[in-house]
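Subject: Structure for you to look at

Dear colleague,

I am handing over the structure we spoke of, and I would be glad if you read it alongside the notes below.

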Amino acid sequence: MTSTAEIPAHIAIVMDGNGRWAQKRNRPRTFGHQAGVKALRKIVRHAGKTGVRELTVFVFSSENWNRPKKEVGRLMDLFMRALNRETQELNENGVRLRFIGDLAAFSREMQQKIANAVSLTAGNQRMTLNVAANYGGRWDIVDAARKTAQALANGAISIDEINEDYFSRQVSLGDSSDPDLFIRTGGEMRVSNFLLWQSAYTEFYFTPVLWPDFSPKVFDEAIAMYQSRERRFGLTSEQIRRESA
């Protein structure tokens, strides 16, 4: 396990490579998604032991609806089964479960299961697991802009009150700290419309490891990389050293 010094409080993960992992084994893509759920279970457990306070994972993007209908249907079935199976364990381990994204696109049954899972775990404080489902970073920003415009039209705020701090509270995870570390598996080097606003000063870690093979060891390697970086937030190294002296 990595050193407890400078453990990122909030980590975001794009869990990429499930389909390719399955194809390499001559198995259907859904076999890879099932393996991906098992990998996520391991990482959530390990992250909690490491001291990470918040984990945000990209489960289903708004663009994923464009995949073959058969695969989307099986993904929805897997999502439903995972909710049934994993929620109780998360609750027993003190993990608060939250969802971000346009959940209205899901079936009523799934929306109810999501609401039940959120309600059951709402009081847990060991760690928060944010699940991004039917989520897109551009959708998130537009949704925040819509809410801001509505508040302005209703007279709830004045135009002078609209600034970065106000807008940050309108996007998803507005009550959380921004991600300190963004991990993407599977070898691709892009953010794929994930947490665009929230990742302005996030450190990025890209790995060729396919998500089902992503282990606590690789997770610790990502944290070690994060610990080696100097986060300046627009300042110079000299300013950082003076402030920390």
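Predicted model: local features only at pLDDT ≥ 70, side-chain atom pairs only at ≥ 80, totals over all residues.

Residues are numbered from 1 along each chain as its sequence is written, and side-chain values use heavy atoms, with hydrogens and water left out.

Helices (H or I, at least four residues) and strands (E, at least two) are DSSP runs, numbered from the N terminus. Helix α2 has 22 residues and reaches 31 Å from its first C-alpha to its last, close to the 32 Å expected at 1.5 Å a residue, where the expected span is 1.5 Å times one less than the number of residues. Just after α2, Gly51 takes a positive phi of about 110°.

Helix α2 (residues 29-50) packs against helix α7 (residues 216-228) at an angle of about 45°, with the axes 10 Å apart; axes are lines fitted to C-alpha atoms, for helices over the stretch in contact, and angles run from 0 to 180 degrees between N-to-C directions. That makes α2 oblique to α7, since angles under 35 degrees count as roughly parallel, over 145 as roughly antiparallel, 65 to 115 as roughly perpendicular and the rest as oblique. The contact (heavy atoms within 4.5 Å) is made by Ile43, His46, Ala47 and Thr50 of α2 and by Pro216, Phe219, Asp220 and Ile223 of α7.

Helix α2 also packs with α3, here at an angle of about 25° and with the axes 10 Å apart, which makes α2 roughly parallel to α3. Among the residues that meet are Arg29, His33 and Arg41 in α2 and Glu71, Arg74 and Glu89 in α3.

Helix α3 (residues 69-92) in turn packs with helix α4 (residues 108-121) at about 15°, again with axes 10 Å apart, and this makes α3 roughly parallel to α4.

Turning to the rings, a search of the whole structure finds 16 aromatic pairs, a pair being rings of Phe, Tyr and Trp (its six-membered ring) with centres within 6.5 Å, and planes under 30 degrees apart counting as stacked, over 60 as edge-to-face and the rest as tilted. Phe58 and Phe194 form a stacked pair, 4.3 Å centre to centre with 10° between the planes. Phe58 lies in strand β2 (residues 54-61) and Phe194 in the loop between β5 (181-184) and β6 (203-206), so the pair ties together parts that are 136 residues apart in sequence.
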